[in-house]
Amino acid sequence: MSAPLSAEQMAGASPTAMPADIEKAARRVERRQAFSAALLVLPLIVLIAFAFLIPVGLLLFKSIDNPVVAEGLPETLTALQSWSPADGLPSDAAYTGLKRDIEKAKAEGTLGVIGARLNQDTPGARSLLQATGRRLDATTDADPHQAFIAIDKRWGEPEIFGAIRNAGDRYTLNYYLNALDLTRNTAGDIIAKPEGQRLHINLFIRTVWVSALTAFVCFLLAYPIAYLLAHLPARRANLLMIVVLLPFWTSILVRITSWIALLQKQGVVNDALASLGVIGEAGRLALIYNMTGTIIVGTHILLPFFVLPLYSVMKTVNPNLVRAATSLGASPFTAFRRVYFPLTVPGIFAGSSLVFILCTGYFITPALVGGQNGQLISNIIAYHMQQSLNWGLAAALSTLLLVMIGIVYFLYTRLVRDQR
Amino acid sequence: MTSLVSLRGIQKTYDGKQLVVKNLDLEVSEGEFLTLLGPSGSGKTTVLMMLAGFETPTTGEIVIAGQHMTRLPPQKRGIGMVFQNYALFPNMSVAENLAFPLEVRKLPTVELRDRVEKSLAMVRLTPFADRRPSQLSGGQQQRVALARALIFEPRLVLMDEPLGALDKNLREQMQYEIKQIHARLGVTVVYVTHDQSEALTMSDRVAVFNDGIIQQICPPKELYERPGNSFVAGFIGENNRLSGVVRKIIDDECLVEIAPGVTVKARKVGVHATAEPTTLSIRPERVKISPQAGEVDTVIAGEVESVLYHGDHIRAHLRGLGPAPFVVKLPNTNGAAATLVAGASVSIGWASRDCLALDLMEA
Ligand SMILES: Nc1ncnc2c1ncn2[C@@H]1O[C@H](COP(=O)(O)OP(=O)(O)O)[C@@H](O)[C@H]1O
Ligand SMILES: [Mg+2]
């Protein structure tokens, strides 16, 4: 027979009184575990750094980085420092500086680059600079002012100097202004672009609209498919799953080409409708090379990205919940609306976010089937990356796209959270 | 008592090949607590699902309170159901869960609030009204499920292993609470479990299921004292089995030869003719150790293989009586275990009314 525990013994056994060395040992164990966990994810961190963080960082930097004019025409810029276009033409010092800068650039072979940069804001500036460079010689030293105007009368107007100064900041927000359909006048004030040149804002709006519409059409199609997948007997569900995943087995170009064959004016769909007499020969539908085409083909390509997350959420919904609802007196529709649907909202959220985000980034599909009014912001970004080589603008547009997706995603999260 | 539920000639197959329920006839009286007891896969849930309307019987008909239910959809049957794992709506609070059946019945708001409050009080969950089910313990979730199935005052409540996920103490407490509520509301309950002690303590009647057939349906006491066949005897409580051959039948008793020259007297339950093979069933607690002369009808010798100490009782395994160890259970009173030492030879005995001659147990 053991004696009952004394109060002291009881206190010793309490879990709150922890000797210091045990605490230290526990922390040591914890540290060791944290370290081995870190080792495990190290490759992933390296991959993310190289494939994601560094490129995105460079992109952000590229959108404000503006070294060409600042480094190419330093003396001109110094002379223009206290000048404003309202003063009329700049002082002779500016012309002298410009002459020296151009000669130096010619010697270093960078004149073309500087011209190209200026050309982004002022069309024609590139050839002006090249021509001026060719015709400058020692005779112009006496009166550079007159000599420049003699070479080209544009040197006698303040606009070109304003353009040089606007392009001369080492770091600039001009790419963002351009991306938002804004510009600077020669005085350096921010103004809206002329009517005909505003296209980015509309493209952003169209991109959001097309992506949202595609996500919504995907939702309408994906919900019944995912429901069937989650509720059919296993064998038939597997077959259906293969059908859903089939598009992934074919090249995206093949799929798009097939859609062209189906949807074009003389395509299968129009032929069928015309031969059935639903539409007349003159009334053949424009189903492709426009926004409709972008949405139809985008929906087809992105549908699996909606079905899969939705399916995985539906799989986890306990079938007894709907049974419980009906046993409590709810009609099948009420049981669906009050119980089943709310529980699948996370899947809808995942699917629509995925489709929306993928859609904002797609450029192959709109490029091939979008025609004029089906082009999205990514097509313009691709254009500036590949054709016009205005990487600063491409970077600014991409950054704005990223911010926009972030905002939409944030608002959407709030909306879905309030729903539940 | 009037019959509330009638199941007549019910058969059920899911795949068209194998009958999960074979020819079920069952009457449930108004206010009765009937338990369907059976091993997993014996078709208990299927019977409940047919009653609730989630499965259609392949043949047969279901009548509840004089109304044919067989083709009626579940939402029109007005049967309360407590599901395995509760099936509480995770997207609704406790109060919303309880209000759900009243809302779909379009009850006026004032009455609805009143009923929800009373219901919460009944299961002692008033402080938890605004919690989500996931923020409750298992026992609390169980009580919500119970309250939700009762709140619209159904005449019949079905419960499918409602306590299966709870630990032992909580389970016993909930058994008590369910019984209390049943007694108070007078509602008819069809309860499914695979736990025999739960079935015995809670029910007015127990239907023992095996293989889609009701093996026996009767009050708990009778089930234990007078099992109808060797499946029931084996499923309800512990029993020792000895196989033998019927040698002689005298009224409701018979003589069974369990070994060459060893004959014991038994109550005749599942045997009909001499020379029939039979299984004898003897409850471990009905066996006496070293019985006095005249105290028992049958005395047999055995050897103690092992003794297990259980606190309130002692169990001994004996050798020499059939292939399996023969279990004896003694209350732990002073000196009870004195003669029980491993390796010792003992004589044991039992009254012939405690030894049942049942049908042959199939292997
Ligand atoms: N929906 C179903 N489809 C096919 N077979 C089923 C289905 N539900 C149950 N079964 C089968 O019917 C038999 C009885 O199951 P069930 O009624 O759930 O038994 P219990 O509830 O007694 O464990 C089991 O063999 C089970 O595999
Ligand atoms: Mg079951």
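Trainee: Where in chain B is the place of Asp211(B)?
Mentor: Asp211(B) sits in the loop between strand S9 (205-210) and strand S10 (213-218) of chain B, where helices (H or I, at least four residues) and strands (E, at least two) are DSSP runs, numbered from the N terminus. Before going on, note that this is a predicted model, in which local features need pLDDT of at least 70 and side-chain atom pairs count only at pLDDT 80 or more, while totals for chains, interfaces and linings use all residues. Residues are numbered from 1 along each chain as its sequence is written, chains are lettered from A and ligands numbered from 1 in the order in which they are written, and side-chain values use heavy atoms, with hydrogens and water left out.

Trainee: Why is Asp211(B) called partly exposed?
Mentor: Buried means under 20% relative accessible area, exposed over 50%, and partly exposed in between, with a 1.4 Å probe and protein chains only. The relative accessible area of Asp211(B) is 47%, so this residue counts as partly exposed. Asp211(B) also has a positive phi of about 60°, although it is not a glycine.

Trainee: What makes Tyr86(B) count as buried?
Mentor: Its relative accessibility is 6%, and therefore Tyr86(B) falls in the buried class. Tyr86(B) lies in the loop between strand S6 (79-82) and helix H2 (94-104) of chain B, and its phi, near 75°, is a positive value in a residue other than glycine.

Trainee: How many of the residues in chain B are buried, as a percentage?
Mentor: Of the 363 residues in chain B, 50% are buried. The chain has 8 helices and 20 strands, and its C-alpha atoms fill a box of roughly 80 × 45 × 35 Å, taken along the principal axes.

Trainee: Which residues are around ligand 1, and what makes a residue count as near?
Mentor: A residue is near a molecule or strand if one of its heavy atoms lies within 4 Å of it. Around ligand 1 these are Tyr14(B), Val20(B), Pro39(B), Ser40(B), Gly41(B), Ser42(B), Gly43(B), Lys44(B), Thr45(B) and Thr46(B). By class, the shell has 3 nonpolar, 6 polar and 1 charged residues, where Ala, Val, Leu, Ile, Met, Phe, Trp, Tyr, Cys and Pro count as nonpolar, Asp, Glu, Lys and Arg as charged, and the others, Gly among them, as polar. The largest share of this shell, 3 residues, comes from helix H1 (residues 44-52) of chain B.

Trainee: Which atom of Lys44(B) lies 2.9 Å from an oxygen atom of ligand 1?
Mentor: It is an N or O atom in the side chain of Lys44(B), and a polar contact is a pair of N or O atoms within 3.5 Å; within protein, one must be able to donate a hydrogen and the other to accept it, and residues adjacent in sequence count only if both atoms are side-chain atoms. An oxygen atom of ligand 1 is also 2.6 Å from a polar backbone atom of Gly41(B), and one is 3.1 Å from a polar backbone atom of Gly43(B).

Trainee: Why is Arg284(A) called buried, and which side chain does it join in a polar contact of 3.0 Å?
Mentor: The relative accessibility of Arg284(A) is 11%, so the residue counts as buried. Its side chain joins that of Glu281(A) in the 3.0 Å polar contact, and it also reaches the backbone oxygen of Lys265(A) at 2.7 Å. Arg284(A) itself is in the loop between helix H14 (268-275) and helix H15 (291-316) of chain A.

Trainee: How do you know that the span of helix H12 (residues 234-245) of chain A agrees with what it should be?
Mentor: The expected span of a helix is 1.5 Å times one less than its number of residues. For the 12 residues of H12(A) this gives 16 Å, and the end C-alpha atoms are 16 Å apart, so the two agree.

Trainee: Which residues of H12(A) are buried, and why are they said to line one face?
Mentor: The buried ones are Ala237(A), Met241(A) and Val244(A). Seen down the axis of H12(A), they fall within an arc of 60°, so they line one face of the helix; the arc is that of the directions from the helix axis to the C-beta atoms. The face turned away from the buried side carries the exposed residues Arg235(A), Arg236(A), Asn238(A), Leu239(A) and Val243(A).
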